[in-house]
Amino acid sequence: MLRIGWFSTARGETSRRLLEAVQAAVRSGYVDGRIEVVFCNREPGEDANTDRFLEEVRSYGIPLVWLSYTRYRRERGLPPVRQGEPLPAWRRDYDREVMRLLDPYRFDVAMLAGYMLVASDVLCERYALLNLHPAPPGGPVGIWQEVIWQLIAVRARQSGVMVHLATPEVDRGPPVTYCLYSLCGPQMDPLWQEVAGKSVPQLRSEWGEGLPLFQEVRRQGVARELPLVVETLRALAQGRARIDGQKVIGPSGEEIHGLDLTPEIEVLVAARQAGQPWPWEAPAEAAGR
């Protein structure tokens with residue numbers, strides 16, 4: 001059985017949907033595992049969206065631990081961490097306190113699902129942290145908006161989603177799993193034609209994120225994020241891949257550059273688009289018990 005830790009800032013609906021899906025997959029037996037603890041870097045009363053997430057965790061009976069990042073920083077008069085700059089020493093102190101609070105719990109992997117803090121080296125060394133990123137191995141880095149603009153800038157013909165090991169080098173950790181999808185074809189080609197001859201700065205100025213091509217790339221990626229998280233945990237529980245330090249090991253004991261789950265993910269996405277439930281939403285008997 002795979003023991004799972006769960007890290008989230010939980011500032012939006014997607015964070016709750018990811019937790020709901022994995023908890024349903026565990027309960028149905030689709031994933032042979034258990035969420036041992038949920039950690040949140042916000043405390044009750046700090047944000048309405050996060051409060052709804054925390055209530056959901058409690059409803060599942062999962063142990064819940066929190067340490068407000070905002071309160072920690074403000075009470076100590078610490079400066080904010082600026083994007084792109086090295087993490088200051090106090091961020092490691094925060095992560096050490098997180099580890100102290102989580103010490104009573106044991107888990108094999110920890111899923112970073114909507115966790116908005118960069119994990120320091122001390123946290124990455126302690127746990128096998130799995131991070132969801134909206135690009136394939138070797139693809140663009142950064143937040144999802146910047147990833148999409150980079151794809152448009154190079155007129156990419158393919159993109160993907162991956163789960164990788166979190167490292168201090170943001171979005172560059174070893175891939176654990178991934179899936180790929182096409183950015184061309186009858187649905188995409190007319191959208192590319194609309195932006196022909198225009199630069200990304202022009203498109204950002206004229207359309208912003210309302211650009212139809214931008215919206216469609218985002219839709220394609222989001223459709224695959226939730227099933228990839230579930231299938232990643234399922235693959236780890238089945239031994240199709242395992243984590244050994246900062247290496248990802250395949251079923252035969254060889255080091256791999258990520259497990260390609262594209263076939264499984266495409267079947268799930270197609271079924272979902274046809275109005276079918278996720279397989280982990282089916283009765284336990286149908287899920288393989």
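**Strands, helices and a few residues**

Tutor: Happy to. This is a predicted model, and in it β4 and β5 pair in the parallel sense over three bridges.

Student: Which residue of β5 does methionine 111 stand opposite?

Tutor: Methionine 111 stands opposite leucine 130.

Student: What about β1 and β4, parallel or antiparallel?

Tutor: Parallel: β1, residues 2-8, pairs with β4 in that sense over four bridges. As an example of a bridge, phenylalanine 7 has leucine 112 as its partner in β4.

Student: And β5 with β6, parallel or antiparallel?

Tutor: Those two run antiparallel, joined by four bridges. Leucine 130 turns up again here, standing opposite leucine 165 in β6.

Student: So what is the strand order in the whole sheet?

Tutor: The order is β3-β2-β1-β4-β5-β6-β7-β10. That makes eight strands in an open sheet with mixed pairing.

Student: Which strands stand at the edges?

Tutor: β3 (64-66) and β10 (259-260) do. Each has a single partner strand, so one side of each has no neighbour in the sheet.

Student: Back to β4. Are its faces covered or open?

Tutor: Both faces of β4, residues 109-112, are covered. Val109 and Met111 lie on one side, Ala110 and Leu112 on the other, and all of them are buried. In a regular strand the side chains alternate between the two faces of the sheet.

Student: How many residues of β5 are buried?

Tutor: Five of its five residues are buried. Leu129, Asn131 and His133 point one way from β5, while Leu130 and Leu132 point the other way.

Student: Switching to helices: which residues of α6 are buried?

Tutor: In α6, residues 144-153, they are Gln145, Val147, Ile148, Trp149, Leu151 and Ile152. An α-helix has 3.6 residues a turn, so residues three or four places apart point the same way.

Student: What follows α6?

Tutor: Arginine 155 follows α6, and its phi is positive, near 55 degrees.

Student: I'm curious about threonine 232. Where does it lie?

Tutor: Threonine 232 lies in helix α9.

Student: Why does threonine 232 count as buried?

Tutor: Its relative accessibility is 1%, and buried means under 20%, so threonine 232 falls in that class.

Student: What does the side chain of threonine 232 reach?

Tutor: The side chain reaches the backbone oxygen of leucine 228, at 2.7 Å. Leaving aside residues up to four places away in sequence, threonine 232 also touches Val163, Val176, Thr177 and Leu261.

Student: And glutamate 206, buried or partly exposed?

Tutor: Partly exposed: glutamate 206, which lies in helix α8, has 47% relative accessibility.

Student: How many residues apart are glutamate 206 and threonine 177?

Tutor: They are 29 residues apart in sequence, and 36 Å apart in space, C-alpha to C-alpha.

Student: Zooming out, how many helices and strands are there in the protein chain?

Tutor: The protein chain has ten helices and ten strands. Its radius of gyration is 19 Å, close to the 19 Å from the globule rule for 289 residues, so the chain is as compact as a globular protein of that length.

Student: What does the C-alpha trace span along its principal axes?

Tutor: About 55 × 55 × 40 Å. Of the 289 residues, 50% count as buried.

Terms used. Residues numbered from 1 in each chain as written. Predicted model: local features only at pLDDT ≥ 70, side-chain atom pairs only at ≥ 80, totals over all residues. Heavy atoms only, no water. Buried < 20%, exposed > 50% of the residue type's maximum accessible area, 1.4 Å probe, protein only. Pairing = 2+ DSSP bridges. Rg over C-alpha atoms; globule rule 2.2 N^0.38 Å. Polar contact = N/O pair within 3.5 Å; in protein donor to acceptor, adjacent residues only side chain to side chain. Contact = heavy atoms within 4.5 Å.
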